[in-house]
Amino acid sequence: MSLRTVIEDQYKEAIKSKNTNEINTLRLIKSAIKDKDIASRSNNKNNQISEEEILSLLQSLVKQRRDSIESFKVASRQDLIIIEEAEIEIISNFLPKQLSESEIEVLISKIIETNNFESLKDMGKLMNELKTNHSGGIDMALAGKIAKLKLSK
């Protein structure tokens with residue numbers, strides 16, 4: 001079953017159960033996907049974005065919420081932090097299981113060893129490898145920090 005269908009089905013269930021937070025978050029997801037579809041059509045591509053592009057979009061939505069949480073912490077707005085965390089949880093349900101920090105470290109070490117990456121000059125190649133083969137399964141910001149540490153040693 002496609003990710004679009006799963007999101008639509010969950011949206012219908014949320015409406016039936018009258019779960020306002022879930023309804024609003026799923027509407028936001030559907031709207032973001034529709035915006036990308038429209039942009040894709042205007043660029044003379046396909047009518048709809050691919051599953052990979054939807055996963056990427058969902059990851060960026062989670063990242064936006066994490067960034068907002070950091071801002072809300074500075075402003076001491078616990079009420080808004082709770083809302084953002086709930087949205088992250090709903091969005092994350094559609095993403096593949098994310099690797100832990102230690103699993104990302106092992107993966108990056110393996111890629112560095114396999115490809116003989118030695119310095120920060122290889123950072124782009126390493127990140128490209130991660131994005132190509134492990135997109136959706138890892139937090140790229142965290143992976144970037146870990147990769148930078150490992151390559152600068």
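**Nonpolar cores and salt bridges of the predicted chain**

The largest nonpolar core comprises 24 residues, and those with the most contacts inside it are Leu3, Ile7, Leu26, Ile29, Ile33, Leu58 and Phe94. A nonpolar core is here a set of buried Ala, Val, Leu, Ile, Met, Phe, Trp, Tyr and Cys residues joined through side-chain atoms within 4.5 Å; buried means under 20% relative accessible area, exposed over 50%, and partly exposed in between (1.4 Å probe, protein chains only). At least two residues of this core come from each of helix H1 (3-17), helix H2 (20-42), helix H3 (51-74) and helix H4 (78-92). H3 gives the most, with eight residues. Isoleucine 7 is in contact (heavy atoms within 4.5 Å) with Leu26, Ile29, Lys30, Ile33 and Phe94, neighbours within four places in sequence being left aside. A second, separate core has 15 residues, among them Leu107, Leu126, Ala143 and Ala147.

The structure is a predicted model, in which local features need pLDDT of at least 70 and side-chain atom pairs count only at pLDDT 80 or more, whereas totals for chains, interfaces and linings use all residues. Residues are numbered from 1 along each chain as its sequence is written, and side-chain values use heavy atoms, with hydrogens and water left out.

The protein chain has seven helices and zero strands, taken as DSSP runs numbered from the N terminus (helices H or I, at least four residues; strands E, at least two). Its C-alpha trace spans about 55 × 45 × 25 Å along the principal axes. Of the 153 residues in the protein chain, 33% are buried. Among contacts with a separation of 6 or more, 59% are between residues 24 or more positions apart.

The protein chain carries 24 positive and 24 negative side chains, with Lys and Arg counted as positive, Asp and Glu as negative, and His and the chain ends not counted. Nine salt bridges were found, each defined by a side-chain nitrogen of Lys or Arg within 4 Å of a carboxyl oxygen of Asp or Glu. Aspartate 37 pairs with arginine 4 in a salt bridge, with the closest N and O atoms 2.8 Å apart. Aspartate 37 lies in helix H2 and arginine 4 in helix H1, so this pair ties together parts 33 residues apart in sequence. Aspartate 37 is buried, at 8% relative accessibility.

Glutamate 13 and lysine 16 form a salt bridge at 3.9 Å, N to O; they are three residues apart in helix H1 and thus separated by about one helical turn. Glutamate 13 is partly exposed at 47%, and lysine 16 is exposed at 64%.

Notes. Charge placed at Lys NZ, Arg CZ, Asp CG, Glu CD.
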